[in-house]
Amino acid sequence: PALSASWGPGENVMVDFRRGQVHIDASAWERLCVRHELPGRPGEPVSHTALNLDLDRVVWATGAACAMRPLLGADPQRWRHQRIKAAGRTSLRRYSLKPSHLAMAELLVQRSMTPLELMQRSRVAESDLRAFLQASLFVGLTYWA
């Protein structure tokens, strides 16, 4: 079944899993992508001007918004030392053009490494590392070795 959620009045999202499409109000998309806020209320119908997006792009944004939550499939105490691998050479540009994300993806394509190694080699803050890892785990671009 479809899923509806809301951030507030006029900030709604409706996910159509069968079609792989998401209808989301522009202000809701901003709250998810820019402010990294997750919806917390039952949804109402989206506006007639809602954006139509592919499900995987919204899943990436949701993963990035969940950066400070436990990483998908990781041991919450040991995640920094668990090896992570790229699922192959997939174009990250569909999801992110952020230079640090592109650099981390390229490093993981070259070889598996721990998040701690990845953070040191790419010289990113832990918050950026977590956002990248969570989002890439959500869409299946990376996995724990």
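**Exercise 1. Determine how many salt bridges the structure holds, and examine how arginine 94 and aspartate 54 are paired.**

Solution. A search of the whole structure gives 10 salt bridges, a salt bridge being a side-chain nitrogen of Lys or Arg within 4 Å of a carboxyl oxygen of Asp or Glu. The model is predicted: local features need pLDDT of at least 70, side-chain atom pairs count only at pLDDT 80 or more, and totals for chains, interfaces and linings use all residues. Residues are numbered from 1 along each chain as its sequence is written, and side-chain values use heavy atoms, with hydrogens and water left out.

Step 1: arginine 94 and aspartate 54 form a salt bridge through their side chains, at 2.7 Å from N to O. Step 2: this pair links distant parts of the chain, 40 residues apart, with arginine 94 in the loop between β6 and α3 and aspartate 54 in strand β5 (residues 51–54). Helices (H or I, at least four residues) and strands (E, at least two) are DSSP runs, numbered from the N terminus. Step 3: arginine 94 is partly exposed at 38% relative accessibility, and aspartate 54 is partly exposed at 31%. Here buried means under 20% relative accessible area, exposed over 50%, and partly exposed in between (1.4 Å probe, protein chains only).

**Exercise 2. Describe the largest nonpolar core and the contacts of leucine 129.**

Solution. Step 1: a nonpolar core is a set of buried Ala, Val, Leu, Ile, Met, Phe, Trp, Tyr and Cys residues joined through side-chain atoms within 4.5 Å. Step 2: the largest such core has 26 residues, and Leu118, Leu129, Phe132 and Leu133 have the most contacts inside it. Step 3: at least two residues each come from α2 (55–65), β6 (84–86), α3 (99–110), α4 (115–122) and α5 (126–139). With six residues, α5 gives the most to this core. Step 4: leaving aside neighbours within four places in sequence, leucine 129 is in contact (heavy atoms within 4.5 Å) with Trp79, Met104, Pro115, Leu118, Met119 and Val124.
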